[in-house]
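Student: I've got a structure open that I've never looked at before. Could you walk me through a few parts of it?
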Amino acid sequence: MILVTGGLGYIGSHTVVELLEEGFEVLVVDDLSNSSLDVLKGIERACGKRPLFECLSLSNRISVKTLFHKYLDIQGIIHFAASKAVGESVSKPLAYYDNNLTSLLFFLQEMEVHNLSIPLIFSSSCTVYGEPDTLPITEQAPIKKATSPYGNTKQIGEEIIWDTLKSNEKLSAIILRYFNPIGAHDSLEIGELPIGIPQNLVPFITQTAVGLRDKLIVFGDDYPTRDGTCIRDYIHVVDLAKAHLIALQRLMAHKNEDRYEVFNLGTGKGNSVLEVIKCFERVSGMKLNYGIGPRREGDVVAAYADVSKANELLKWNAILSLDDAMASAWEWEQKIRTNN
Ligand code: UD1
């Protein structure tokens, strides 16, 4: 059985589908703080299988203890559960440190208590690289001081795992640093469900197109890039989910070269904000209402991944294109608005 924390979230739910399709028994733990039970039904409709589900908060020590007492056959953990709104983390730093780090500490402690030697996959972010010195970004690029408590929880999470592994030879972990996940499952049963006003580019685009938002503001067009707007590496969430399965299987089969491995997960290609808007207009056949506004604080100019390590060692690469991802994001948006 594979424990997937935050398994009803955006990347978590897509990963659960990949695991179930591969034949794994899956236990999803989610506190529903940023998701809903509809996602559980969506997972089932997407793949015809239902994971086990426990609704609990991993930042409650008693709940975590109970969980590890109840399920004795956990063979691997994929840890997604975390709060992820950058702006909110600035106004509520303690809530972010508490939620994102105590959950990790509690289950690592339970793994020690139960003497478990099971693999761990940790959901990290390219945000740890900050403004990179060189592009594309390799895993060797220096970690920069985090610009938000959210980003800091990812850095500290990585360090907690590193230190724990140094002290416990039974444990192995893979840290996956995501670039910008977008898109939805091709079944259109699961996808991104931002609560409130989306902070990320693609859901803001699709919500604008569907009439939920008036206008997209492009945050700055005076950056030193080919068209003045920021560049990111947008990866289809299904490609990203598949990488989790491969990483888990690598650890379960003891094919890892180190007990602590880090992989960038992106497409290796950078696209500007204006290119992403053009992509949307191309796949939807619509004109998007957008305008140029000031820069957003904390944005890096350009970030895209060097994915050669994941290509070579995981034999993984992103297959789906930006157009594929955008088309699925757009279909998903239209579907959820029609249903609600
Ligand atoms: C953001 C977070 C990052 C987090 C990631 C999770 C910030 C500064 N960074 O990354 O820490 O790991 O989300 O998915 O919040 N844009 C617009 N208009 C919009 C929204 C976005 O122009 O309304 C631009 C941004 O300036 C950026 C690009 O679109 O250049 C992508 O933005 P976003 O989707 O928020 O991702 P990141 O900023 O890369």
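Student: Is the crossing of α1 and α2 left-handed or right-handed?
Tutor: The crossing of α1 and α2 is right-handed, meaning that the near helix is turned clockwise from the far one by less than a right angle. This is a predicted model, in which local features need pLDDT of at least 70 and side-chain atom pairs count only at pLDDT 80 or more, while totals for chains, interfaces and linings use all residues. Residues are numbered from 1 along each chain as its sequence is written, and side-chain values use heavy atoms, with hydrogens and water left out.
Student: At what angle do the axes of α1 and α2 cross?
Tutor: The axes of α1 (residues 10-21) and α2 (residues 37-47), which are lines fitted to C-alpha atoms over the stretch in contact, with angles from 0 to 180 degrees between N-to-C directions, come within 10 Å and cross at roughly 40°. Helices here are DSSP runs of H or I with at least four residues, and strands are runs of E with at least two, numbered from the N terminus.
Student: Which residues in α1 meet α2?
Tutor: Ser 13, Val 16, Val 17, Leu 20 and Glu 21 in α1 meet Val 39, Ile 43, Ala 46 and Cys 47 in α2, where contact means heavy atoms within 4.5 Å.
Student: New topic: how many residues of α7 are buried?
Tutor: Nine of the nine residues in α7 (residues 201-209) are buried, that is, under 20% relative accessible area with a 1.4 Å probe, counting protein chains only. They pack against β7, β8, β10, α9 and α11.
Student: And what follows α7?
Tutor: Gly 211 follows α7, and its phi is positive, near 95°.

Note on methods:
Buried means under 20% relative accessible area, exposed over 50%, partly exposed in between (1.4 Å probe, protein chains only).
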